[in-house]
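Let's talk through a fold together, one quick question at a time. Have a look at the model first.

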Amino acid sequence: MAGAPVSGRKARQASRPTRRRLFGIDRSGPPPAATLSGHPLNPWTLPNAIGFARLAGIPVFLVVALSSQNGEDALAAVLFAVIGWADYLDGFVARLTGQYSRLGALLDPIIDRALVISGMVVCWDFQLLPRWAIALVIARELFVLALSRYGIRHGLELKINWPGRVGVAPTMGAPFFAIAGVHWLALVCLYVGLAFMLVSTALYVRDGIRQLRARKLSSSA
């Protein structure tokens, strides 16, 4: 009986995330079960509350940015940065508290893409970045959003790949630095992010096709 509390403490310590996993450095292993298809949405969690706040902040950012004189606005840049970096905060809170949810897994990429598209809309309106590249970024984001909806409806698991993960920061950095007035850095981020995102999109399509082919083979066997 005396060993029971000790073993309980050991079990709790073993279940705690490591520091590398807590800060999102270690992403090995399967995704949390609560985030997978077929599980309840479970909207009322602290990470989802952060996600809802991020989503509500996007129209505020658009109003501030589009009301500026030339698109270069300090408040708009700060709002964009806060909404973007809060993505890491809700992930940190989810890992810290264990409050994973299916809704969070679905909502986060939608908010990220909505933020990128909103930033690119501002850059398009004020011609802060080359419009051909802006159009390509927006088209890519909308395509991946449609692809993810298709995957959900057909039971495909399109996991984020490393080019997509690496490309998030420069893609978000492009409109941020353009609105902040650092145009040379905005252009660097734009082209680097675009390259990673196009590779990522090709990998998503390849993985989806492979899963569909594997399903057809298994059903015909």
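This is a predicted model: local features need pLDDT of at least 70, side-chain atom pairs count only at pLDDT 80 or more; totals for chains, interfaces and linings use all residues.

A: Helices (H or I, at least four residues) and strands (E, at least two) are DSSP runs, numbered from the N terminus. From that end on, the elements run α-α-α-α-α-α-α-α. The count for the protein chain is eight helices and zero strands.

Q: What percentage of the protein chain counts as buried?
A: Buried means under 20% relative accessible area, exposed over 50%, and partly exposed in between (1.4 Å probe, protein chains only). Of the 221 residues of the protein chain, the buried share is 36%.

Q: Which residue forms a salt bridge with R54?
A: A salt bridge needs a side-chain nitrogen of Lys or Arg within 4 Å of a carboxyl oxygen of Asp or Glu, and the structure holds six of them. In this one, the closest N and O atoms are 3.6 Å apart. It links distant parts of the chain, with R54 in helix α3 (residues 46-66) and its partner in helix α4 (residues 74-97), 33 residues apart. Both residues are buried, and the partner is D87.

Q: Which residues are linked with R54 in a network of salt bridges?
A: Side chains of opposite charge can pair when their charged atoms come close. Here the network joins R54 with D87, D90 and D112.

Q: Which helices does the salt bridge of E141 and R113 tie together?
A: The two side chains meet at 3.2 Å, N to O, and both residues are buried. They are 28 residues apart in sequence, so the pair ties together α6 (residues 131-153), which holds E141, and α5 (residues 102-125), which holds R113.

Q: Is D207 buried or partly exposed?
A: D207 forms a salt bridge with R206, with the closest N and O atoms 3.2 Å apart. R206 has a relative accessible area of 37%. D207 comes in at 24%, so it counts as partly exposed.

Q: Which element gives the largest share of the lining of the second largest pocket?
A: On a 1 Å grid over the protein atoms alone, a pocket is an open set of points where a 1.4 Å probe fits, with protein on both sides within 12 Å along at least five of seven lines, and lining residues have an atom within 4 Å of a point. About 240 Å³ of space lies in this one, and of its 13 lining residues the closest to the centre are G84, W85, A169, M172 and G173. Two elements give two or more residues to the lining, α4 and α7 (162-180). The largest share, seven residues, comes from α7.

Q: Which helix gives the most to the nonpolar patch?
A: Patch residues have over 30% relative accessible area and no salt bridge, and nonpolar side chains (Val, Leu, Ile, Met, Phe, Trp, Tyr) are joined within 5 Å. This patch, about 470 Å², is made by W132, L136, L187, Y191 and L198. At least two residues each come from α6 and α8 (183-220). With three residues, the helix that gives the most is α8.

Q: Where is L136?
A: L136 is one of the residues of the nonpolar patch. Its relative accessible area is 34%, which makes it partly exposed. Its place is in helix α6.

Conventions: Residues are numbered from 1 along each chain as its sequence is written. Side-chain values use heavy atoms; hydrogens and water are left out. Grid points are joined across faces, edges and corners, and a volume is the space filled by probe spheres set on the points. Patches are made of residues with over 30% relative accessible area and no salt bridge: like charges are joined within 9 Å, nonpolar side chains (Val, Leu, Ile, Met, Phe, Trp, Tyr) within 5 Å. Accessible areas come from the Shrake-Rupley method with a 1.4 Å probe; for residues, only the protein chains shown count as cover.
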